[in-house]
Amino acid sequence: MPALQRPSEADKKDSPHALLPFLQTQSQTTLTRLYQRPSSCLSVFRLLAPLERQIVMNLLWLESAIATSTMVAWVQRDGRKLYEEALGNLSRLHILPNSAAKLALNFTFKTSLRQALTGGGTSGSFGVPAEKDEHSGPSIKTLDSFALERWETILHYMVSSGTGQQPAKPSQGVLFLLQRSSLMSSFHGGPLQITSSGFQFLLHSPHAQLWDLLLQYLHLAQERQMDLVEVLGFLFMLSTMELGREYLTENLSTTQGVLLEDLRDYGLIWQSKPKSRRFSPTRLGTTLTSSSPPLPTTISASSGPLDGFIVLETNYRIYAYTDNPLQTAVLNLFVSLKYRFPNLVVGMITRDSVRRALMNGITADQIISYLITHAHPQMRKNNPLLPVTVQDQIRLWELEKNRLKSSEGYLYTAFTSQADYDLVLNYAKQLDVVLWENAAKRCFFGSLEGHLRIKEFIERRTQNSNS
Amino acid sequence: MSHLSVVLDLPPAQWHRSARHDPPLALPDFLSHVLVFLNAHIANNAENSLAVFGAFPGTSPLLYSSADPVPARLPIDSNSYPSFVHLDHAVARRVTAVLDSLGTDRAPEPSALVGAITKALCYVNRLAISPSSAAPAEHVLPDPRLLILSVSPDLATSYIPIMNSVFSAQKLKVTIDVCQVFGPDTVFLQQAAHLTGGSYIHLERRDALLQYLIMAFLPPPPIRKVLAVPTQDKVDFRAACFCHKNIVDIGFVCSVCLSIFCQPVPVCSTCRTKFPIKTLQRLNQSRPLLPSTPRSTSPKSSPGTPAGARTAPTNGANLARSISTPNELPHSSNIGSRNSNGRSHSMGGSVTNPGPSEAPR
Amino acid sequence: MRAIKGVLFFCDPAVKQILLVMNEKQSFIIEDLDDHHLVIKADEEYRVRRELETELEKNTYSLD
């Protein structure tokens with residue numbers, strides 16, 4: 001039995017933000033155009049890792065480039081590697097130009113970020129606020145419940161597909177995106193069904209889910225020939241807006257007008273009526289570049305806190321203090337539910353329920369991390385947070401499912417001489433296709449993709465030796 | 001996320017002097033540098049919290065707190081980030097309001113730096129305990145920091161309250177950073193920074209205030225492990241006596257309550273412990289011919305030479321060792337001087353400073 | 001020299017024994033390599049996996 005690996009909870013924290021790899025694939029011209037907007041610079045800055053942010057800040061108010069060695073002098077010996085990585089990341093985002101001798105920020109980025117910090121300028125990149133007047137716009141509560149309703153409609157639609165229920169359908173645009181991102185797919189022209197990546201998606205935090213979808217949207221926007229700078233600029237503008245304030249649509253471009261409607265479907269933007277001249281960002285929008293929860297933490301007194309409602313006992317029993325149908329449905333993915341009360345759902349983690357989840361493509365790690373992120377505050381007093389027995393058992397069930405590993409290929413055997421065997425084996429090893437070998441039996445197993453080349457190699461050699 | 005409390009030392013008289021000093025740094029320029037720095041702290045992370053306190057003569061109001069509700073009438077426009085506008089407006093408005101209310105005719109009071117520091121620590125304490133009590137405090141508020149931007153010289157009367165603040169800060173795991181923007185080095189704040197693992201900077205290039213602030217005081221402790229921040233290589237460890245509030249080179253410590261005196265006393269004024277007359281006499285005899293400080297107001301002071309100051313520690317050490325025999329308790333033991341190059345002489349078990357028993361973090 | 005097309009199974013010895021027993025009923029194994037490895041006929045993989053699954057299920061017990 002292979003040793004169980006229990007990754008510590010801290011390991012996962014420091015992964016870079018999901019958007020950054022996407023930004024790094026963009027051309028320098030695109031990024032420089034994006035950096036012309038102070039709000040975009042501020043948002044991109046917030047997505048960076050803490051060390052990267054400090055490096056940017058250190059360089060921000062310098063008028064001229066400084067020698068690389070000057071900056072390195074501040075780096076502690078242990079931190080050299082982290083520092084070099086940070087510089088690499090910044091230069092891939094074209095915030096720092098590639099230069100060995102001098103360090104200086106991209107001029108556009110520097111100017112815009114300075115402007116963001118000091119205010120002023122004429123970029124208008126933070127959105128045009130509407131005058132507060134008699135119809136003073138939506139309350140924060142209205143915005144929250146709107147965002148929650150839209151977002152849960154999407155998730156609920158996903159989770160109950162294929163169960164025979166008929167939940168409310170999200171808009172056509174959302175459905176298309178779910179299909180494009182292969183979170184859902186339709187088998188043989190039938191209704192949309194959730195895929196295994198869709199199941200995994202459901203267990204992510206709302207923040208990660210949001211960015212998953214937005215990234216898909218960005219890819220789609222690229223294909224639709226939408227101007228990426230305008231799309232990103234708009235998202236970043238949303239993230240710097242103030243919750244509960246209304247903004248005017250008048251300065252938006254046509255692309256951004258289209259965007260406005262799409263984002264309304266996702267619940268990032270609220271509008272009183274479709275063609276309104278005003279819009280309000282919801283919490284989903286304003287927290288895009290922060291780490292606070294993108295959905296309101298309490299909806300009503302009965303449903304309890306959205307983060308932290310699960311109590312898991314060592315006897316595999318699970319108590320979920322929730323009346324939210326979506327959370328219940330998500331739990332149902334890997335828990336066999338027993339009783340349901342107005343504010344409490346009780347279930348068991350069983351071999352069958354976990355196996356069902358594993359079959360759907362959910363991994364043991366995802367189940368465990370879902371349980372950890374949604375653990376009830378009472379559970380947080382425990383160390384380790386989840387009962388070790390349950391954690392280990394879930395992992396064991398996963399291992400049990402993978403008792404048999406298979407790979408297609410060819411068994412090479414009956415070599416005439418040891419030299420022949422060695423020669424072919426070495427060649428196969430160079431191709432890195434050997435899956436199993438045994439020198440005593442003079443045979444080895446090579447994967448399917450290596451077969452043609454090995455065959456050619458042997459034929460060539462036979463011809464050579466014959467001629 | 002991290003929390004930063006900032007104390008701005010804003011006595012008008014001292015700032016007036018600063019504006020005429022060469023190179024000049026007037027209050028409006030100072031504030032604009034500081035506001036950009038505070039914006040940078042908020043920019044770092046949307047969840048970063050911030051509290052700004054002002055230390056004015058006789059008053060120390062809260063100028064801004066990120067927990068304040070955003071005023072409905074805030075004039076935001078499409079070119080600036082609402083949180084920054086809120087912060088800048090609140091600080092500028094309240095500073096002006098307090099300065100206007102101070103008037104010019106009053107006798108110049110020293111600025112209420114200690115009051116502001118204490119309030120800032122109380123604020124951190126409130127943040128650390130209030131939200132969901134189920135979670136341990138460290139989860140709620142990682143690495144709280146306190147930044148003091150001071151222009152006032154040391155005020156001997158504030159030694160005890162500052163030291164008490166330092167102990168509270170250590171308990172709360174608050175790092176105290178200090179920037180002396182104008183005027184001479186302050187001994188007490190230097191010690192405060194040293195004892196809490198913060199950094200103390202005496203501003204040398206006053207035109208580059210913002211760069212100093214960003215490089216030294218913006219990074220939270222985890223980042224300082226990678227990108228170093230300037231720290232002091234010399235710390236002046238001298239303490240102030242409890243009787244005349246003088247900064248002393250050699251002090252006498254009550255063996256019961258650790259109060260510090262500039263001369264041997266028959267009765268400890270803090271805990272009323274009486275000391276044997278013999279010990280007093282011996283201590284008085286063996287005192288070096290040296291006043292505790294040149295500007296000492298103690299009645300028995302006599303002028304001394306710098307050379308005498310250097311011999312003082314050794315005398316003190318011998319003295320302490322000779323008198324700390326158990327049968328002579330209670331007694332007043334000699335305090336060893338902490339000389340200004342930062343090396344301390346620990347004397348036969350006597351505590352020289354009401355500093356922490358544990359090493360600074 | 002010969003090259004035989006097949007599927008390499010990597011499994012623990014217990015599973016291998018079950019496979020050997022199954023092989024006696026309906027042969028599918030091409031070569032028994034060692035304790036952890038077997039080569040079987042490529043077109044039999046799906047059937048073998050399914051049968052193994054039911055066989056393993058017989059050996060698990062649950063409370064309910």
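**View 1. Contact between chain A and chain C in the predicted model.** Chain A contributes 23 residues to this contact, and chain C contributes 25 residues. On the side of chain A that touches chain C, the elements giving two or more residues are α16 (351–359), β12 (405–413) and β13 (434–438). With nine residues, β12(A) gives the most to that side. By class, the residues of chain A that touch chain C are 10 nonpolar, seven polar and six charged.

**View 2. Strand pairing of β12(A) with β1(C).** Strand β1 of chain C, residues 2–10, pairs with β12(A) in the antiparallel sense. The pairing runs over nine bridges. Within β1(C), C:Ile4 is the bridge partner of A:Leu411.

**View 3. Chain C and its secondary structure.** Two helices and three strands make up the secondary structure of chain C, in the order β-α-β-β-α along the sequence. The C-alpha trace of chain C spans about 55 × 20 × 15 Å along its principal axes. Chain C has 64 residues, of which 22% count as buried. Among contacts in chain C with a separation of 6 or more, 57% are between residues 24 or more positions apart.

**View 4. Contact between chain B and chain A.** Here 31 residues come from chain B and 40 residues from chain A. On the side of chain B that touches chain A, two or more residues each come from α2 (27–44), α3 (82–102) and α8 (209–217). The most is given by α2(B), with five residues. This side of chain B comprises 21 nonpolar, eight polar and two charged residues.

Definitions and conventions: Residues numbered from 1 in each chain as written. Chains lettered and ligands numbered in written order. Predicted model: local features only at pLDDT ≥ 70, side-chain atom pairs only at ≥ 80, totals over all residues. Helix = DSSP H or I, 4+ residues; strand = E, 2+ residues; numbered from the N terminus. Buried ≥ 20, exposed ≤ 12 C-beta atoms within 10 Å, placed from the backbone. Contact = placed C-beta atoms within 7 Å. Nonpolar A, V, L, I, M, F, W, Y, C, P; charged D, E, K, R; others polar. Pairing = 2+ DSSP bridges.
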